[in-house]
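Please read the notes below alongside the model, which they take point by point, beginning with the pocket and then turning to the salt bridges.

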Amino acid sequence: EVEKIWIKITSLSLTESRITSDETIQQLFVECRLNNFLAEETPLSLPKPTAGQRIHYNYSTVINVDKADNHAEREYLKSILLKPDLPADSLKFTVVSDPPEDEQDLECEDIGFAYVSLKEIFQKQRDIIEQDIDVFDSQDASAVIGKLTVTVEALRALRSVHEEYRND
């Protein structure tokens, strides 16, 4: 059995906020990060949607967590399952503003963050399939600026890590 976490970033919608009204924010891409191991990003940045619209990335990626080659990732998953107070138990999705071609002096800017708790997937014994998760404003963590539709299939990999650990 191939042990992996499968992630899909389907689409993004924004609510009215500083983001929708900011003229300098035009193109958006999404990065997905597992702790500090791994960052993947959508190959495309798409034009910022107006409030109520959706932009579709339909981007999938896989994080391999098999024993043979992915020891660090596995140890990290193990620690998520075992240490109840580990703060970084989530996949973190970052919505990033990609500066327009003619504004190359502008930096890529993180505008929002969304999280999927791997621990929660394990506790509920349920993968996240095409679910809308809140995107929080990078400048104000209490403000929701939109929704990111994601799939995170991690349960089989987490069960496998848990089984292995139980038998240690």
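1. The largest pocket is lined by Tyr115, Val116, Ser117, Glu120, Ile121, Lys124, Arg126, Asp127, Ile128, Gln131 and Ile133. A pocket here is an open set of points on a 1 Å grid over the protein atoms alone, with protein on both sides within 12 Å along at least five of seven lines, and lining residues have an atom within 4 Å of a point. By class, this lining has five nonpolar, two polar and four charged residues.

2. This is a predicted model, in which local features need pLDDT of at least 70 and side-chain atom pairs count only at pLDDT 80 or more, while totals for chains, interfaces and linings use all residues. Residues are numbered from 1 along each chain as its sequence is written, and side-chain values use heavy atoms, with hydrogens and water left out.

3. Nine salt bridges are found in the whole structure, each being a side-chain nitrogen of Lys or Arg within 4 Å of a carboxyl oxygen of Asp or Glu. One of them joins Glu130 to Lys8, with the closest N and O atoms 3.9 Å apart. Since Glu130 lies in strand E8 and Lys8 in strand E1 (residues 4–14), this pair ties together parts that are 122 residues apart in sequence; strands are DSSP runs of E, at least two residues, numbered from the N terminus.

4. Lys147 and Asp134 also form a salt bridge, their closest N and O atoms being 2.4 Å apart. Lys147 belongs to strand E9 (residues 140–153) and Asp134 to strand E8, 13 residues apart.

5. Glu3, Arg74 and Glu164 are linked in a network of salt bridges.

Definitions and conventions: On a 1 Å grid over the protein atoms alone, a cavity is a set of points where a 1.4 Å probe fits but cannot get out, and a pocket is an open set with protein on both sides within 12 Å along at least five of seven lines; lining residues have an atom within 4 Å of a point. Ala, Val, Leu, Ile, Met, Phe, Trp, Tyr, Cys and Pro count as nonpolar, Asp, Glu, Lys and Arg as charged, and the others, Gly among them, as polar. Helices (H or I, at least four residues) and strands (E, at least two) are DSSP runs, numbered from the N terminus.
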